[in-house]
Amino acid sequence: NWTPAIAFGGGSTGLTYAARAGRYIRIGKMIFASAYILLSAKGSSTGTARIAGLPAAHAATISSVATIMWYQMLTNLVQMNGLVDTGATTVTLYGYTSASASYTSMTHADFANNSLIQMTVMYEAA
């Protein structure tokens with residue numbers, strides 16, 4: 001098990017969870033992880049949204065994309081993805097607001113007090 005967290009700009013002032021859980025399996029250097037995060041208050045920190053606390057740092061050799069399901073976001077999204085940060089235990093969240101738009105980093109402004117994020121990811125550990 002692991003405990004996923006959300007941070008905005010690296011901070012989590014006033015952020016609280018209604019529920020959160022994480023599971024992972026490690027096979028050699030490969031990590032297969034899933035997370036469930038339900039907020040009860042998004043707090044007052046601002047900046048780029050990241051899921052923190054992955055069970056191992058990501059290797060610098062390849063990029064890994066997380067698949068994300070969401071509910072109760074303030075931004076009307078078409079798609080949300082995550083990119084595992086190289087050399088870190090975090091996933092930066094990106095959102096698409098229309099089928100033809102490029103993606104942008106998610107921030108505190110995209111989240112509601114009751115936002116739900118479910119994530120699955122596979123990546124190579126450092």
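1. Helices (H or I, at least four residues) and strands (E, at least two) are taken here as DSSP runs, numbered from the N terminus. On that basis the elements of the protein, read from the N terminus on, follow the order β-β-β-β-β-β-β-β-β, which amounts to 0 helices and 9 strands. The radius of gyration, taken over C-alpha atoms, is judged against a globule rule of 2.2 Å times the number of residues to the power 0.38. For this protein the radius of gyration is 14 Å, close to the 14 Å that the rule gives for 126 residues, so the protein is as compact as a globular protein of that length.

2. On the basis of the work, this is a predicted model, in which local features need pLDDT of at least 70 and side-chain atom pairs count only at pLDDT 80 or more, whereas totals for chains, interfaces and linings use all residues. Residues are numbered from 1 along each chain as its sequence is written, and side-chain values use heavy atoms, with hydrogens and water left out.

3. On overall dimensions and surface, the C-alpha trace spans about 40 × 35 × 20 Å along its principal axes. Accessible areas come from the Shrake-Rupley method with a 1.4 Å probe, and for residues only the protein chains shown count as cover; the accessible surface of the protein comes to about 6,200 Å², of which 53% belongs to carbon and sulfur atoms. With buried meaning under 20% relative accessible area, exposed over 50%, and partly exposed in between (1.4 Å probe, protein chains only), buried residues make up 41% of the 126 residues. Where contact means heavy atoms within 4.5 Å, residues 24 or more positions apart account for 66% of the contacts with a separation of 6 or more.

4. On strand pairing, two strands are said to pair if DSSP finds at least two bridges between them. Strands β1 and β4 pair in the antiparallel sense over 4 bridges, with Ala5 opposite Ala52 in β4. Strand β5 (residues 65–73) runs antiparallel to β6 (residues 79–84) and is joined to it by 3 bridges; these two form a hairpin with 5 residues between them, and Thr67 stands opposite Asn81 in β6. Strand β6 is also joined to β7 (residues 90–96), again antiparallel, by 6 bridges, and Met80 has Gly95 in β7 as its bridge partner. The hairpin of β6 and β7 has 5 residues between the strands, and Gly87 there takes a positive phi near 70°.

5. On the interior, a nonpolar core is a set of buried Ala, Val, Leu, Ile, Met, Phe, Trp, Tyr and Cys residues joined through side-chain atoms within 4.5 Å. The largest such core has 28 residues, of which Ile6, Ile51, Phe111 and Met119 touch the most other members. The elements that give two or more residues to this core are β1 (5–8), β3 (30–42), β4 (49–52), β5, β6, β7 and β9. In a regular strand the side chains alternate between the two faces of the sheet.

6. Is Met106 buried or exposed? Met106 sits in the loop between β8 (104–105) and β9 (111–124), and it counts as buried because its relative accessibility is 2%. In strand β6, Gly82 is buried, with a relative accessible area of 2%. The C-alpha atoms of Gly82 and Leu93, 11 residues apart along the chain, are separated by 4.4 Å. Leaving aside neighbours within four places in sequence, Gly82 is in contact with residues including Val65, Ile68, Val91 and Leu93.

7. Thr90, found in strand β7, is buried, with a relative accessible area of 17%. A polar contact is a pair of N or O atoms within 3.5 Å; within protein, one must be able to donate a hydrogen and the other to accept it, and residues adjacent in sequence count only if both atoms are side-chain atoms. Such a contact, of 2.5 Å, joins the side chains of Thr90 and Asp85.
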